[in-house]
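Here are some notes on the model for someone meeting it for the first time. Please read them beside the sequence and the coordinates.

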Amino acid sequence: MSSNRIVLGDNQFGKAENHLVKVTKHGSRHSIEDLTVVSQLHGDFAAAYYDGDNAHVVPTDTQKNTVFAFAQAGVGSPEDFLLRLGQHFVDDFDWVTGGRWAARQVTWDRIEVDGVEHDHSFFRGGSGGETRTAVVKLVGDEQHVIAGLEDLSVLKTTESGFVGYPVDQYTTLAETTDRILATSVTGRWLYNTTDLDFNATYASVKRIMLEVFTNHYSRALQETQYLMGKAVLEAHPEIDEIKFSMPNLHHFAVDLSYCDVENDNEVFWAAHSPYGLIEGTLRREDLGDTDKIWKGVPAFA
Ligand SMILES: O=c1[nH]c(=O)c2[nH]c(=O)[nH]c2[nH]1
């Protein structure tokens, strides 16, 4: 018979959706960092749950205040910011043994006026429209950093096909050697060090993804995903593993024969749903089990 004694399992608490905008001012030239931060502490909090004893409960309000106070000294990169923030809680409170700190960062680009970038006016940009993501996990003395991006929209109008799949009584899909390939990339990658230029590495990973998306004939989104991840891992020894979630955003050539108009792959119906969902992990062959590090991080959609 199962026990009626109820015990506390995994727990964490903190403040979510701390939307932080940091303006850095060099005279009249301003720049913006815009990120939404989650802070969650791990440690010895059993007394709070069992007995209502809050002696170990660093208030979520204090966690929120700490996020904004730390921003005054600058953000730099979401990864470095979260590492500083998390380490503060572990260092200052004996019973805090680790935690999870995460950020989603959006880009503001300078508005150009008469071909000149403005000092203090911006528009929500970021070519590809993606959101940059970062997660820091502290477990005792271990520091784990998972960087990533969401919603990097890419499309190519040819150099993609899909043939050779099994056919059964339900198959209606026609083979094609010329189709639109479109997706919105969510990717997250696990670093094996914290000693690196996170901004430069992020820019490089994104550039590699875009280059590889376009530099081959795609036989399936699965193959393209593998090639993108492989190229990232080959170029960056400081990355051990990368996880992707990519919708296959179907574009169907419209049959215009009903009005005697020829359509040679020029007019498409961009279907919103249903969509294919292609997900995969690329990792170094000798990498050990990383499931614990990924726990709580949305790896796949
Ligand atoms: O790249 C593709 N992968 C699939 O798994 C698939 N399935 C499908 O119907 N079309 C496609 N395209």
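1. Asn265 counts as partly exposed because 13 other C-beta atoms lie within 10 Å. In the definition used, 20 or more other C-beta atoms within 10 Å of a residue's own make it buried, 12 or fewer make it exposed, and partly exposed is in between, with C-beta atoms placed from the backbone. Asn265 is not a glycine, yet its phi is positive, about 55°. Its place is the loop between β10 (251-253) and β11. Strands (E, at least two residues) and helices (H or I, at least four) are DSSP runs numbered from the N terminus.

2. On the basis of the notes: this is a predicted model, in which local features need pLDDT of at least 70 and side-chain atom pairs count only at pLDDT 80 or more, while totals for chains, interfaces and linings use all residues. Residues are numbered from 1 along each chain as its sequence is written.

3. Glu159 also has a positive phi without being a glycine, with a value near 65°. Glu159 sits in the loop between β7 (142-156) and β8 (181-191). With 14 other C-beta atoms within 10 Å, Glu159 is partly exposed.

4. The peptide bond between Ser273 and Pro274 is cis, with omega about -5°. Pro274 belongs to the loop between β11 (268-270) and β12 (276-283).

5. Which residues are around the ligand? They are Phe162, Leu173, Ala220, Leu221, Gln222, Asn248 and Gly276, where near means that the C-beta atom, placed from the backbone, lies within 6 Å. This shell has four nonpolar residues, three polar and no charged ones. Ala, Val, Leu, Ile, Met, Phe, Trp, Tyr, Cys and Pro count as nonpolar, Asp, Glu, Lys and Arg as charged, and the others, Gly among them, as polar.

6. An unreviewed UniProt entry places the feature "binding site" at Thr60 and Asn248. These span 189 residues in sequence and their farthest two C-alpha atoms are 39.5 Å apart, so they do not all gather at one spot. UniProt positions follow the numbering used here, feature names are shortened, and annotations may be inferred rather than shown by experiment.

7. Thr60 lies in helix α2 (residues 60-71) and is partly exposed, with 16 other C-beta atoms within 10 Å. Leaving aside neighbours within four places in sequence, Thr60 is in contact (C-beta atoms, placed from the backbone, within 7 Å) with Phe13, Gly14 and Lys15.

8. Asn248 lies in strand β9 (residues 239-248). Beyond four places in sequence, Asn248 touches Thr183, Leu221, Tyr275, Gly276 and Ile278.

Methods. Contact = placed C-beta atoms within 7 Å.
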